[in-house]
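These are my notes on what I looked up in this structure.

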Amino acid sequence: MCGINGIVFSRQAKGLDKRIQKMNVSINHRGPDSNGVVPLTTNSVFGHCRLSILDVDKRASQPMQGASGRWTIVFNGEIYNYKELSNDVSYQFNTTSDTEVILAYVEQYGIEKFLSKSNGMFAIALYDKHNHELWIARDRLGIKPFYYYMDSENFIFSSEVKGILNSGFVKAEFNEAAIDEYLGHRYVRAPFTFFKNIYQLEPGHYARIDSQLSFKTFKYWELPSQFNTSISYDEHSLLEEFGRRVERAIDYRLISDVPLGTYLSGGIDSSLISAIAATKTKGALNTYTIGFQTLNEFPYAKLVAEQYHTNHHAILMEDADYFGTMNEVITYKDAPLGVPNELLLAKMSKVLKKDITVVLSGEGADELMGGYGKIFRSPFDYANIKPEVDFYTYFIEKYEYVPREIRNMYLTTSHELRDKFDFKVRKEFEGCPNEENVFRFFHNYHVKGLLQRVDTTTMLAGVEARVPFLDHTLVEFSYKEIPYGLKLHWNSAKDKIGAQYEIADDYSEKRDTPKYLLREVARNWIPNEIVDRIKMGFPVPLNDWKQKLMNQAEVSLKGAYWLNQKHLQEFILDSGKQKRAGQILWMFLNVEQFRRIYFEREWRY
């Protein structure tokens with residue numbers, strides 16, 4: 001795991017070595033083990049900050065050049081099947097790193113074949129000296145970030161927006177349309193960011209930038225076109241095969257030349273990962289959980305830790321620590337925080353870095369198996385209620401975090417991105433069953449925000465997070481082979497009939513079992529007390545802090561030009577009445593804190 005940087009000019013430029021070094025320094029937290037710079041031509045340069053995971057010897061440092069001298073690479077991530085790929089090439093390896101395997105495979109077969117064969121998480125830049133072309137690629141699900149800026153003269157990329165800004169070539173301009181997008185979805189969907197003219201390379205895509213800075217993108221992966229809705233199946237056989245595939249995904253993510261551990265929140269997903277990892281690793285596994293004195297899942301995490309004899313660490317977060325670290329974590333993320341538990345994850349990463357460098361996390365399990373029952377059941381409710389709107393309108397009203405009514409009333413900025421994505425997603429929903437549409441929405445959009453969260457909160461401490469439930473082969477298997485009824489499973493025929501007269505807010509996890517097949521896999525590993533728990537999420541008592549947040553909003557949001565100042569008091573009172581009052585106020589505060597940090601200074605030099 002690392003940080004990557006690059007500058008490619010269409011003309012000769014001076015001082016690129018100093019600029020790329022400044023870019024490296026700005027993201028050094030991602031790779032504190034070494035810092036590398038390699039000029040590619042008189043007008044282009046790569047930079048790299050290394051976090052040593054595989055082949056920790058300095059010979060595996062980057063930027064790295066291939067044996068033929070044609071290709072130079074900077075790479076952030078892990079290729080889990082690199083050993084298998086190395087057997088497919090005729091190449092004299094100088095390292096045991098996955099980085100060199102990428103170079104070897106690209107030299108022999110080309111970029112597209114490497115991408116089709118790889119299993120991993122990655123952001124990659126490759127410079128082809130023969131054709132004077134830059135190739136960039138991002139993993140299938142968007143686990144690793146890739147940001148870029150391009151104008152008529154230069155192409156600049158980095159693992160973080162701050163890397164691009166620290167090149168000194170780019171003006172930080174606030175993309176105000178992103179405020180509405182963030183308040184609805186908790187993050188800004190690709191390819192956009194909070195910065196005008198700075199973009200994300202979309203997951204599952206790669207691109208070619210030629211010597212004239214002509215930019216062309218290609219899609220190499222998307223979710224399977226199949227979605228299994230069969231009502232006739234062999235549950236036992238599917239259970240066994242799914243269990244094997246989950247184990248294999250975890251096995252891949254245990255490959256490391258440095259110490260590793262797991263998050264162990266006490267929920268199903270992290271408990272299952274911890275149980276399997278503890279069984280397969282030599283020595284006691286380090287496990288970690290965090291919470292508040294009045295709100296935590298410590299007892300459940302302890303059950304698994306004791307069963308598998310892990311070195312368990314229960315970390316306590318104080319209220320003052322929570323609010324005192326918001327600005328710090330915002331400066332690592334280069335965006336407003338999207339999920340209230342990001343601050344807890346950041347603290348936990350700093351603690352676990354004392355013992356380990358790699359941590360396995362449970363992101364993706366809910367998206368894989370329908371874990372958000374109240375929203376995944378919206379197609380069932382829609383069919384029973386028969387509202388006078390299309391399904392997308394019904395679904396998005398339930399999904400979005402800050403209601404559109406509040407955003408429309410109090411924001412003074414454009415909702416251009418909302419309109420763009422409304423049109424796009426509504427078209428994606430056409431012609432597909434609504435049950436399928438919800439799963440695709442969560443994989444195409446929702447999980448990307450969670451991945452931004454886990455990348456920021458681990459890399460700020462120089463820790464690599466791995467997410468086995470987002471192994472692309474596991475995702476493909478789930479879509480093609482696991483029937484819908486084994487993801488969201490009615491407890492009985494009577495319960496399904498009874499649910500027709502209720503809404504999911506009332507019956508989810510009472511009349512049905514979300515993530516049913518995953519729970520059945522978990523019964524082989526962890527106590528039923530955890531398997532049968534109702535989903536809690538990552539507990540942060542924002543509603544308990546509502547009055548504190550309202551008081552803070554009166555001070556901090558005064559003068560926020562993107563908010564209707566004539567109705568500021570009305571906004572605060574209105575937000576305080578919402579079901580998610582604490583989160584709504586917290587998100588608005590995040591926007592203004594972020595704006596002041598990034599857009600009230602000059603980045604160019």
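Entry 1, the second largest pocket. I sorted its lining by residue class and found 14 nonpolar, 8 polar and 11 charged residues. The model I am reading is a predicted one. I noted a volume of about 670 Å³ for the second largest pocket. I then asked which of its 33 lining residues are the closest to its centre. They are Lys 219, Lys 424, Glu 428, Asn 444 and Tyr 445.

I next looked up which elements supply at least two residues of this lining, and recorded helix 18 (416-429) and helix 19. Helix 19 has the largest share of the lining, with 8 residues.

I wanted to know how many cavities of 30 Å³ or more the structure holds. I recorded 4 of them. For the largest cavity I wrote down a volume of about 290 Å³. Its lining comprises 29 residues, and I listed those closest to the centre as Tyr 147, Lys 333, Ala 335, Gln 452 and Thr 456.

Two or more residues of that lining come from helix 11 (326-333), and likewise from helix 19 (434-459). Which helix gives the most to the lining of the largest cavity? I found helix 19, with 5 residues.

In reviewing both entries, I marked helix 19 as a contributor to the lining of the second largest pocket and to that of the largest cavity.

I turned to helix 7 (residues 235-252) and helix 20 (residues 472-481), whose axes come within 10 Å and cross at roughly 165 degrees. As to handedness, I recorded a left-handed crossing where helix 7 passes helix 20.

I then listed the residues that meet. From helix 7 they are Leu 238, Glu 241, Phe 242, Arg 245, Val 246 and Ala 249. From helix 20 they are Thr 473, Leu 474, Phe 477 and Glu 481. By class, I counted 6 nonpolar, 1 polar and 3 charged residues in the contact of helix 7 with helix 20. Among the residues listed for this contact, I noted Phe 242 in helix 7 and Phe 477 in helix 20.

Methods: Residues are numbered from 1 along each chain as its sequence is written. This is a predicted model: local features need pLDDT of at least 70, side-chain atom pairs count only at pLDDT 80 or more; totals for chains, interfaces and linings use all residues. Side-chain values use heavy atoms; hydrogens and water are left out. On a 1 Å grid over the protein atoms alone, a cavity is a set of points where a 1.4 Å probe fits but cannot get out, and a pocket is an open set with protein on both sides within 12 Å along at least five of seven lines; lining residues have an atom within 4 Å of a point. Grid points are joined across faces, edges and corners, and a volume is the space filled by probe spheres set on the points. Helices (H or I, at least four residues) and strands (E, at least two) are DSSP runs, numbered from the N terminus. Axes are lines fitted to C-alpha atoms, for helices over the stretch in contact, and angles run from 0 to 180 degrees between N-to-C directions. A crossing is left-handed if the near helix is turned anticlockwise from the far one by less than a right angle, and right-handed if clockwise. Contact means heavy atoms within 4.5 Å. Ala, Val, Leu, Ile, Met, Phe, Trp, Tyr, Cys and Pro count as nonpolar, Asp, Glu, Lys and Arg as charged, and the others, Gly among them, as polar.
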